[in-house]
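Keep it short and grouped by topic.

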Amino acid sequence: MVPMNPISAKFYSNVSSIPPLQFLNATQNAWETFSKLAGCHIGENINGLSKLKQYFRRFGYITGTNNCTDDFDDVLQSAINTYQKNFNLKVTGKLDSSTLRQIVKPRCGNPDMIDGVSEMNGGKKLRATERYSFFPGKPRWPKRKRDLTYAYVPQNNLTDEVKRVFARAFTRWAEVTPLNFTRSESLLGADIVIGFFSGEHGDGEPFDGAMGTLAHASSPPTGMLHLDGDEDWLISDGEISRRVLPVTSVVDLESVAVHEIGHLLGLGHSSVEDAIMFPAISGGDRKVELAKDDIEGIQHLYGGNPNGDGGVSKPSRENESTGGAGDSVRRWSGLVFILSSIATCLWLICV
Ligand SMILES: [Zn+2]
Ligand SMILES: [Zn+2]
């Protein structure tokens, strides 16, 4: 745990160092009040719907600045419909429980729709197979820029352990593209700048305290990666795999870093839940391996890694290591079985 100034972020280097209180705090989410809107439908006027409209406006589902009333109107219903399509939910246009469960999950601050256009499921033809998306105009780093540098905002005083999390996250994208990422000590001239910030921090996209939005990042060639300085982060280096943590208000930093780097390189959000570019992540979840959808999306922009196999058919390292561990466990249990058989025989002979 590292005291941070001026941000309040705490960094836990393993699951066992997370205080029990953090597990209890898991429901203290910036959007938890939306749960009260369950069952609302068109034609009703319910206190709190205006806040939900602001939520949908923030992520691009409602355009324009008026209409911030508590009326459940056509505009809200159409926003819910598109949201449900994007998140693979049953399209009901209502605030049913599965929709609200998704809405309150912590997520990336980047919008799912830009200028009213959804590049996720909601804007795709029914038979489209790819789910990855890009920013409007498909911006990417220019061809001459294959070696990108990144630097940390010095005021954060990040430890080497935290910096290693980002290095690992960059490597995951470098493995499947011709891009290389090198850390720069100086902000000056760095292509990508990484910083933790609390609340308003000068780009018109204020962070919202614990949970809610976790981070946001710009499209190329603006390399801005901001993380919410009020979150608590797990900086484990792979000791945990997906879904082994109980629900907690501590967020896996590498999972969020890999996602935001995807934006920095030009990817938008994907409707594939297993993809890194899916917009939301549950507290306590860890998702760091690029999915087929992520790899296809990034290789559409940059091509594959000339020194690698392109990555698409590559088994994940976590699977490999699990397989390896499984094999050695099997070998050991075989050996133990043989030894115990010999011991049993000796005991039988002696007796
Ligand atoms: Zn995102
Ligand atoms: Zn920001």
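Predicted model: local features only at pLDDT ≥ 70, side-chain atom pairs only at ≥ 80, totals over all residues.

Residues are numbered from 1 along each chain as its sequence is written, and chains are lettered from A and ligands numbered from 1 in the order in which they are written.

**Overall**

- The protein has eight helices and 10 strands. Helices (H or I, at least four residues) and strands (E, at least two) are DSSP runs, numbered from the N terminus.
- Of its 351 residues, 36% count as buried. Buried means that 20 or more other C-beta atoms lie within 10 Å of the residue's own; exposed means 12 or fewer, partly exposed in between, with C-beta atoms placed from the backbone.
- Among contacts between residues at least 6 apart in sequence, 70% join residues at least 24 apart. A contact needs C-beta atoms, placed from the backbone, within 7 Å.

**Five-stranded sheet**

- Five strands form an open sheet in the order S5-S4-S6-S8-S7, with mixed pairing. Two strands pair if DSSP finds at least two bridges between them.
- Strand S5 (180–183) and strand S7 (215–217) are the edges; each has a single partner strand, so one side of each is left without a neighbour in the sheet.
- The twist averages 20° from one strand to the next. Angles run from 0 to 180 degrees between N-to-C directions, and axes are lines fitted to C-alpha atoms, for helices over the stretch in contact.
- S4 (residues 147–152) and S6 (residues 192–197) pair in the parallel sense over three bridges. Here alanine 151 stands opposite valine 193.
- S6 and S8 (residues 223–228) are also parallel, over six bridges. Phenylalanine 196 stands opposite leucine 227, and glycine 195 has histidine 226 as its bridge partner.

**Three-stranded sheet**

- Three strands form an open sheet in the order S1-S9-S10, with parallel pairing.
- S1 (10–12) and S10 (250–252) stand at the edges with a single partner strand each, so one side of each lacks a neighbour in the sheet.
- Neighbouring strands are turned by 35° against each other on average, direction ignored.
- Three bridges join S9 (residues 232–234) to S10. Aspartate 232 stands opposite valine 250.
- Helix H6 packs on this sheet, touching S9 and S10, and its direction makes about 50° with that of S10.

**Helices H5 and H6**

- H5 (residues 160–174) and H6 (residues 253–265) pack at an angle of about 50°, with their axes 9 Å apart.
- The two are therefore oblique to each other. Angles under 35 degrees count as roughly parallel, over 145 as roughly antiparallel, 65 to 115 as roughly perpendicular and the rest as oblique.
- On the H5 side, the contact residues include Val165, Phe166 and Trp173; on the H6 side, they include Ala257, Ile261 and Leu265.
- The residues of this contact divide into 10 nonpolar, no polar and three charged. Ala, Val, Leu, Ile, Met, Phe, Trp, Tyr, Cys and Pro count as nonpolar, Asp, Glu, Lys and Arg as charged, and the others, Gly among them, as polar.
- H6 also lies across S6, S7 and S8, running at about 25° to S7.

**Helix H7**

- The buried residues of H7 (residues 292–302) are Asp293, Asp294, Ile295, Gly297 and Ile298. They pack against H5 and H6.
- Glycine 303 follows H7, with a positive phi near 80°.

Note on methods:
Contact = placed C-beta atoms within 7 Å.
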